[in-house]
Protein chains: 2
Amino acid sequence: MGKKLTSRSEDYSKWYNELVVLADLAENSAVRGCMVIKPYGYAIWEKMQAQLDQMFKATGHQNAYFPLFVPKSLFEAEEKNAEGFAKECAVVTHYRLQNDPDNPGKLRVDPEAKLEEELVVRPTSEAIIWSTYKGWIQSYRDLPILVNQWANVVRWEMRTRLFLRTAEFLWQEGHTAHETKSEALEETIQMTNVYSDFAEQFMAIPVIKGIKTASERFAGAEETYCIEALMQDGKALQAGTSHFLGQNFAKAFDVKFTTKEGKQDYVWATSWGVSTRLMGALVMTHSDDFGLVLPPKLAPIQVVIVPIYKGTEQLKEIDAVVHALVDSLKIKGISVKYDNRDTMRPGAKFAQYELQGVPLRLAIGPKDLENGTVEMARRDTLDKNVYPIEGIDLTIVTTLEAIQKNLYDKALDFRSQHTTEVDDFEEFKTILEEKTGFVSAHWDGTKETEAQIKVLTKATIRCIPLDSQSESGVCVLSGKPSARRVLFAKAY
Amino acid sequence: MGKKLTSRSEDYSKWYNELVVLADLAENSAVRGCMVIKPYGYAIWEKMQAQLDQMFKATGHQNAYFPLFVPKSLFEAEEKNAEGFAKECAVVTHYRLQNDPDNPGKLRVDPEAKLEEELVVRPTSEAIIWSTYKGWIQSYRDLPILVNQWANVVRWEMRTRLFLRTAEFLWQEGHTAHETKSEALEETIQMTNVYSDFAEQFMAIPVIKGIKTASERFAGAEETYCIEALMQDGKALQAGTSHFLGQNFAKAFDVKFTTKEGKQDYVWATSWGVSTRLMGALVMTHSDDFGLVLPPKLAPIQVVIVPIYKGTEQLKEIDAVVHALVDSLKIKGISVKYDNRDTMRPGAKFAQYELQGVPLRLAIGPKDLENGTVEMARRDTLDKNVYPIEGIDLTIVTTLEAIQKNLYDKALDFRSQHTTEVDDFEEFKTILEEKTGFVSAHWDGTKETEAQIKVLTKATIRCIPLDSQSESGVCVLSGKPSARRVLFAKAY
């Protein structure tokens with residue numbers, strides 16, 4: 001510990017950067033833009049993975065694994081996709097190092113070991129996967145293909161931040177192949193819903209489901225669906241995307257199939273992904289000036305128990321009571337840690353678990369032993385109360401549920417308060433600068449207006465919400481007619 | 001289907017290559033030496049991962065994630081390690097592509113986007129991890145560090161084979177840091193035991209635990225422990241390694257800690273790993289000329305049920321009986337698939353599941369409905385029997401256990417029959433050529449003799465078995481004195 005966390009009001013960005021490191025989630029590595037995900041941070045990611053993986057399998061998907069490298073000639077086959085990612089590709093050009101004759105003990109790239117064709121480290125896997133699917137698909141009987149991959153990808157970003165934007169990140173990417181356009185569109189929407197359910201029910205983050213404008217679309221997609229979340233500093237964060245790829249990749253890689261009617265047709269595609277960026281969203285949605293606040297469903301440790309004692313005799317008595325409690329909690333599927341280390345004082349332990357966002361902290365001292373009580377502190381509200389130890393396991397179960405709900409409600413409340421309908425461009429600018437958050441406004445549907453608004457305000461169209469009502473109005477900038485409102489915000 | 005599998009006796013190597021592809025485990029990709037792991041193959045790997053991960057956590061380890069790339073200057077810090085891997089490193093030299101002015105629509109590496117320092121795609125992660133641990137370790141209180149990583153690694157192999165030797169492969173790598181030599185050695189041995197337990201109890205593969213000779217040691221290790229398995233063609237396969245790294249990496253990266261006594265000392269290290277190579281071992285240990293044979297504990301589908309029917313009326317009746325059975329099996333934690341597709345004949349389904357190694361196949365037809373019976377076929381023995389459907393769930397449970405045991409016993413029996421004590425070099429050569437398998441022989445302990453035996457016979461010392469008895473004898477080649485026998489074999 002030692003180092004004090006900058007407060008959010010002082011410098012939100014600094015608060016985030018410090019918190020990720022102090023809470024032992026991740027740190028920068030010796031490799032430019034690449035992070036080390038530390039065990040505590042990785043344990044949260046594992047919980048996310050396990051839940052998402054279960055949801056993917058429940059919707060009929062299977063996992064597979066495709067190569068890390070994409071030969072340049074495959075990478076460039078789908079032109080828009082290639083163009084979109086070309087500027088941020090790490091490229092392998094050689095396959096061997098050798099002793100450097102000029103620097104004894106040092107190595108250099110062996111100039112003789114140049115690859116005939118350069119290999120791109122995958123920034124996304126459509127190209128390598130569709131070149132593979134070509135071999136898997138002959139007939140409608142081979143469809144649909146419903147495959148997901150958990151993998152690392154590399155996008156050479158110039159300005160990086162832990163979890164939010166890193167050169168290498170971990171993600172999952174679903175790649176599906178279908179007979180018909182409508183089936184592929186259904187899949188695209190289904191996965192948007194899976195992401196939204198996951199964000200809301202597990203991460204306790206309310207999200208807006210919507211469609212991206214053409215200029216914010218995934219390179220190579222016909223339509224990009226997304227879930228958008230709002231962070232505590234009033235900036236939006238794209239938390240997941242699901243792309244309807246049309247027949248673009250099937251055409252680029254010549255993937256045709258024989259239909260039930262015996263005709264040849266190109267296959268329809270989707271792809272969808274979420275990444276370790278979700279870790280950033282999790283931190284920025286719930287945490288406070290004391291440290292992380294984690295929703296119980298994703299907390300690696302849901303309950304920590306700290307003994308308050310003098311001497312080994314007292315500790316022994318507490319140990320006995322706690323061990324029974326730990327057992328009864330484990331049976332209920334609750335992840336509990338009993339921290340009876342004698343190398344750290346209770347106060348320091350309290351500070352550590354507060355910083356690391358453990359949802360519930362129990363403290364048991366000699367008085368509690370006498371009275372048959374235990375002190376329980378909620379991380380989300382910082383409330384402390386004394387409870388009878390008898391029946392505390394049930395209290396813990398209901399309190400964890402209450403915390404999960406409270407975090408969601410608070411975030412939803414924050415978002416409601418920071419979503420503003422605006423019809424005037426001066427007000428539009430003021431709201432974005434002062435109140436921040438989502439601005440719901442009319443837009444004339446042109447990319448020129450969208451670009452101009454971005455130049456003038458730094459805000460982008462986050463999405464056209466799926467549940468937006470048609471409502472005639474005029475564009476907040478151009479005054480031209482508009483049929484519905486869209487959501488603007490400054491974004492991560 | 002369609003394509004018939006080459007038999008093992010005809011061409012073992014061809015049999016393996018065909019089987020991996022025909023059983024839908026993996027295939028070669030468009031990237032030289034890199035494979036695509038298909039959903040069925042990946043499902044087996046996921047089962048391996050889940051079990052190993054649980055065993056790692058039960059022994060106190062946590063997962064984390066470190067960068068894919070290693071800057072060249074870090075990579076070369078531990079000289080022996082660097083020397084050992086330099087010749088097979090994929091190297092990233094550039095971070096951007098651009099439109100190729102000479103080839104419209106094509107991309108080329110942007111010569112302006114050359115990295116100041118080349119990045120090696122990790123062939124193993126000691127270097128990047130120990131440069132990270134330097135920041136994590138100040139005092140004995142920071143020790144031990146018990147971390148594992150699930151990741152992809154790249155070793156540029158010239159001759160590749162699916163699962164057995166691929167340029168990119170998936171693995172786990174444990175990297176631990178300790179106060180004392182003895183603690184690090186204990187960890188090294190503990191993980192050797194974890195690997196051996198996993199291989200024997202889950203993969204049904206008997207393994208020999210042993211120590212590698214100096215020339216077969218991991219580059220940068222002081223001692224390499226291993227588990228060695230024997231394949232059906234009499235060749236050995238190294239199935240996992242656990243390295244005692246001494247203070248080599250701590251010295252290379254200057255990782256010191258303050259001891260309990262207040263002194264400064266270098267940290268002691270281990271690393272240990274198993275990879276998708278295990279998939280190759282699994283296939284080659286148990287499978288036969290009809291296809292895969294999978295141990296029930298790792299089979300993605302443990303039981304498949306195929307209806308034999310004419311017309312939808314019969315199918316409906318069978319469906320009803322089967323659905324009840326499926327439910328009762330699922331409750332028992334058994335992975336079961338009911339394949340009532342009407343696009344494939346029962347015979348074709350039988351062939352598919354035989355090829356894919358499903359341990360138990362049930363068939364139910366109209367006669368079975370009348371008699372209250374079901375036909376059950378074991379994949380391992382190819383035995384078929386008719387059982388009363390009443391109580392079949394318990395029969396299935398005990399039969400799956402019997403299959404698991406039978407596979408292990410058969411493999412153990414094969415190994416016993418193919419392990420030969422030899423004291424004469426002519427016999428040594430003959431056994432290796434004709435009988436094949438492990439040869440237990442005396443060796444004088446010199447790398448010269450080891451190298452000469454390899455040249456003369458292609459056999460290497462697989463290990464000095466941990467349970468080998470001291471026994472004085474003379475080296476099978478040089479005639480010089482020897483204190484114990486070691487295990488030779490030709491190997492994958």
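Two residues are taken to be in contact if their C-beta atoms, placed from the backbone, lie within 7 Å. By that criterion, in this predicted model, 55 residues of chain A are in contact with 55 residues of chain B. The side of chain A that touches chain B comprises, by class, 33 nonpolar, 11 polar and 11 charged residues.

- An open sheet is formed by 6 strands, paired in the antiparallel sense and ordered E4(A)-E8(A)-E5(A)-E5(B)-E8(B)-E4(B).
- Strand E4 of chain A, which spans residues 69-71, and E4 of chain B stand at the edges with a single partner strand each, so one side of each is left without a neighbour in the sheet.
- On average, and with direction ignored, neighbouring strands of this sheet are turned by 45° against each other.

**Where chain A meets chain B in the sheet**

- Strand E5 of chain A, residues 91-94, runs antiparallel to E5(B), and 3 bridges join the two.
- Within this pairing, A:Val91 has B:His94 in E5(B) as its bridge partner.

**Pairing within chain B**

- Strand E8 of chain B, residues 114-121, is joined by 3 bridges to strand E4 of chain B, residues 69-71, and the two run antiparallel.
- Along this pairing, B:Phe69 has B:Val121 as its bridge partner in E8(B), while B:Val70 stands opposite B:Val120.
- Strand E5 of chain B, residues 91-94, also pairs with E8(B) in the antiparallel sense, over 3 bridges, and here the bridge partner of B:Val91 is B:Val120.

Terms used
Residues are numbered from 1 along each chain as its sequence is written. Chains are lettered from A and ligands numbered from 1 in the order in which they are written. This is a predicted model: local features need pLDDT of at least 70, side-chain atom pairs count only at pLDDT 80 or more; totals for chains, interfaces and linings use all residues. Two strands pair if DSSP finds at least two bridges between them. Helices (H or I, at least four residues) and strands (E, at least two) are DSSP runs, numbered from the N terminus. Axes are lines fitted to C-alpha atoms, for helices over the stretch in contact, and angles run from 0 to 180 degrees between N-to-C directions. Ala, Val, Leu, Ile, Met, Phe, Trp, Tyr, Cys and Pro count as nonpolar, Asp, Glu, Lys and Arg as charged, and the others, Gly among them, as polar.
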